[in-house]
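These are my notebook entries on one structure, written down in the order in which I looked things up.

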Amino acid sequence: MTQFDETFDWVVVGSGAGSMASALLMKQAGKSVVILEKAPWVGGTTCKSGGVMWIPGNRFMDPGEDSLEKACQYLDAVVPDGPDSPGTSPARRRTYAVEAPKMLDFIVAQGVRMERGSTFWPDYYDELPGGVKTSRTVTALPFDKKQLGKEWAPKLRQGFLEVPVRLDDGMKLPFMKHSWAIKRLFLKIALKVVAGKLTGKHWVTAGAALQGRMLKAVLDKEAAQIRTDSPVSEVIMDGDRAVGVVTIRDGKPWRVGAKLGVLMNAGGFSMNQAMRDKHMPGTQSKWSNGIESDTGDMHVELAAKGAQLAQMDQMVGFQMTEAPGWATDYVKPGTQSTTGKPHAIQVDQTGVRYMNEGGSYEEFCENMLVRNRTVPAIPSWAIMDQQFMDEYAVAGRGTARKNMAQWLASGWMHRADTIEALGASIDVPADALKGTVERWNGFVRGGRDEDFQRGVRAYDNWLGDPFFKDGPNQCMGTIEKGPFYAIPIVPGDVGTYGGVVCDCDSRVLREDGSVIEGLYACGVTTASPMGRVYPGAGASVGPSMTFGWIAAKHAAGLGNQLA
């Protein structure tokens with residue numbers, strides 16, 4: 001019989017949102033839980049992310065705005081089934097659509113304050129059957145991390161936006177000069193920042209707010225022991241069943257038993273370049289916004305225990321640019337809000353436009369990688385004109401008025417008086433680039449992007465400019481006022497999207513489809529239940545929380561009961 005140094009009912013590897021959700025449910029079921037976190041900080045990739053959850057039919061939507069049937073229709077239309085995507089299936093997607101709203105209700109009942117992410121944050125493929133042009137998103141309210149106390153506040157992983165602002169409001173601020181309402185919002189936020197400093201508060205928002213609130217709920221309810229600096233090296237098996245893990249305690253191997261099961265929510269492999277080279281060639285860990293501890297350890301260990309790995313060539317793309325200072329940035333400079341604006345397009349190294357510059361960031365980066373197999377497209381080039389520079393920030397780096405001299409001096413940004421000269425500057429065929437820009441301008445004047453239908457989706461327009469009136473929609477504007485500008489764009493990511501295959505109860509499966517008893521998984525340790533597609537904002541965090549919660553329900557023997 002296996003000997004353990006200690007035993008819990010439920011052993012969780014990793015401290016992301018799915019881990020916390022599972023611990024809260026296990027506490028209500030009267031079970032003991034330990035969460036083992038490899039890093040010195042709690043929160044995982046969730047903490048660094050936007051913390052958005054894509055949850056159809058959620059409690060914050062208006063009656064009649066969504067339904068289970070509509071959600072399943074949308075997911076089935078967006079997510080292809082096939083042998084290359086065994087992480088998804090109609091049954092698993094329906095399980096998500098059924099259980100995600102219940103999970104949210106449960107988490108809110110635990111005192112975790114949530115709200116609708118926005119009344120307008122469309123599904124990424126809103127034009128397809130079942131798509132919603134309003135919003136299925138949910139976020140946590142801003143959180144004062146000082147509420148965690150002196151021991152735990154420093155252990156909450158840094159977020160990307162540590163100010164007292166709702167995520168939806170923060171996305172409005174770039175348009176402040178067009179709206180007195182947004183100016184007043186900015187003033188309100190600024191006053192709250194000052195008040196917070198005077199009163200000793202440390203506000204966080206987005207993913208850090210979600211994880212801060214989840215952590216506080218777990219601590220308040222004594223739902224789990226949480227141990228940082230506790231990497232797991234091995235899953236302990238008793239025959240065909242997972243019965244515990246090997247971790248480190250006081251610098252020595254420590255064997256922890258699991259009576260009900262082990263939940264793997266250990267992140268992805270975004271920082272393991274060797275695994276990236278094997279599974280997703282052409283991508284680089286230096287372009288990733290994943291966390292430093294995402295090295296794929298548990299992917300390797302679970303495969304060694306017989307688990308099926310799948311969809312390993314997938315990542316949650318996040319197009320970025322190597323702007324000045326990018327190498328030390330906590331969050332790499334993204335360009336979705338650059339190429340998605342009016343007066344901007346993207347071309348490959350032959351000067352040809354090859355996709356809709358708006359839309360899903362996951363699809364955007366996938367398009368770059370696919371294009372690069374036949375035509376040099378890494379880096380690609382964002383092409384903009386003076387109209388863009390007069391109006392918009394560039395890659396989160398501020399406005400041209402304040403930064404142009406630095407940008408040009410660094411060699412990151414290219415500027416020329418003509419499109420042909422710009423092509424020469426970036427080593428792109430001048431005639432081809434000129435033809436591409438002229439074709440784009442013709443589409444703008446004609447009112448439709450005949451090549452890639454940019455602006456047809458509500459989401460394309462959401463990425464644009466709500467105050468833009470000089471084009472056929474909110475995301476299409478001519479590129480005709482010199483000087484002209486270019487910056488390089490590469491296929492970054494916010495994490496990998498492949499891993500172990502699980503069933504509808506979050507149980508890990510072998511290659512032959514059989515269950516590895518006692519072993520569960522959620523988050524980006526798994527092959528995504530969304531397959532190779534990102535249906536909407538929060539299609540990683542929402543499933544992680546939901547399938548972590550489902551795993552705990554199954555392991556605790558609650559079945560379809562609501563805890």
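This is a predicted model: local features need pLDDT of at least 70, side-chain atom pairs count only at pLDDT 80 or more; totals for chains, interfaces and linings use all residues.

**Entry on cavities.** Which helix gives the most to the lining of the largest cavity? I find that α18 does, with 3 residues.

I then turned to the second largest pocket, whose volume comes to about 270 Å³. It is lined by 13 residues, and I list Pro 142, Pro 164, Arg 166, Lys 188 and Lys 192 as the closest to its centre. The element that gives the most to this lining is helix α7, residues 180-199, with 4 residues.

**Entry on the sheet with β14.** I traced an open sheet of 4 strands, which follow the order β14-β15-β17-β16 with antiparallel pairing. Which strands stand at the edges? They are β14 (344-347) and β16 (414-416), and each has a single partner strand, so one side of each is left without a neighbour in the sheet. From one strand to the next I note an average twist of 25°. Is Ile 383 buried or exposed? Its relative accessible area is 0%, so I record Ile 383 as buried. Between Ile 383 and Ala 344 the C-alpha to C-alpha distance is 5.5 Å, although they are 39 residues apart in sequence.

**Entry on the sheet with β3.** A further open sheet holds 3 strands in the order β3-β5-β4, and here too I find the pairing to be antiparallel. Its edge strands are β3 and β4 (114-116), each of which pairs on one side only. I count 2 bridges between β3 and strand β5, residues 137-140, and I note that Met 53 stands opposite Val 138 in β5.

**Entry on β1 and β2.** Strand β1, residues 6-13, runs parallel to β2 and is joined to it by 4 bridges; in one of them, Val 13 has Leu 36 of β2 as its partner. In a regular strand the side chains alternate between the two faces of the sheet. In strand β2, residues 33-36, I see Val 33 and Ile 35 pointing one way and Val 34 and Leu 36 the other way, and all are buried.

**Entry on aromatic rings.** I count 14 aromatic pairs in the structure. One of them is Trp 54 with Tyr 96, which is stacked, at 6.4 Å centre to centre and with 10° between the planes. The pair links distant parts of the chain, since Trp 54 belongs to strand β3 (residues 53-54) and Tyr 96 to helix α4 (residues 90-109), 42 residues apart. Why do I call Trp 54 buried? Its relative accessible area is 1%, which is under the 20% that the term requires, and Tyr 96 counts as buried at 1% as well. I next looked at Phe 106 and Trp 549, a tilted pair with 6.0 Å between the centres and 45° between the planes. Phe 106 lies in helix α4 and Trp 549 in helix α18 (residues 541-555), so the pair ties together parts that are 443 residues apart in sequence. Both Phe 106 and Trp 549 are buried.

**Entry on a ring cluster and charges.** I also find a cluster linked by ring pairs, with Trp 121, Tyr 124, Tyr 361, Tyr 459, Trp 462, Tyr 497 and Tyr 534 in it. Lastly I looked for charges over rings: the charged end of Arg 92 sits over the ring of Phe 547, 4.4 Å from its centre, and that of Arg 59 sits over the ring of Phe 60, 5.9 Å from its centre.

Conventions: Residues are numbered from 1 along each chain as its sequence is written. Side-chain values use heavy atoms; hydrogens and water are left out. Two strands pair if DSSP finds at least two bridges between them. Axes are lines fitted to C-alpha atoms, for helices over the stretch in contact, and angles run from 0 to 180 degrees between N-to-C directions. Rings of Phe, Tyr and Trp (its six-membered ring) pair if their centres lie within 6.5 Å; planes under 30 degrees apart count as stacked, over 60 as edge-to-face and the rest as tilted. Buried means under 20% relative accessible area, exposed over 50%, partly exposed in between (1.4 Å probe, protein chains only). A charge sits over a ring if NZ of Lys or CZ of Arg is within 6 Å of the ring centre and within 35 degrees of the ring normal. On a 1 Å grid over the protein atoms alone, a cavity is a set of points where a 1.4 Å probe fits but cannot get out, and a pocket is an open set with protein on both sides within 12 Å along at least five of seven lines; lining residues have an atom within 4 Å of a point. Grid points are joined across faces, edges and corners, and a volume is the space filled by probe spheres set on the points.
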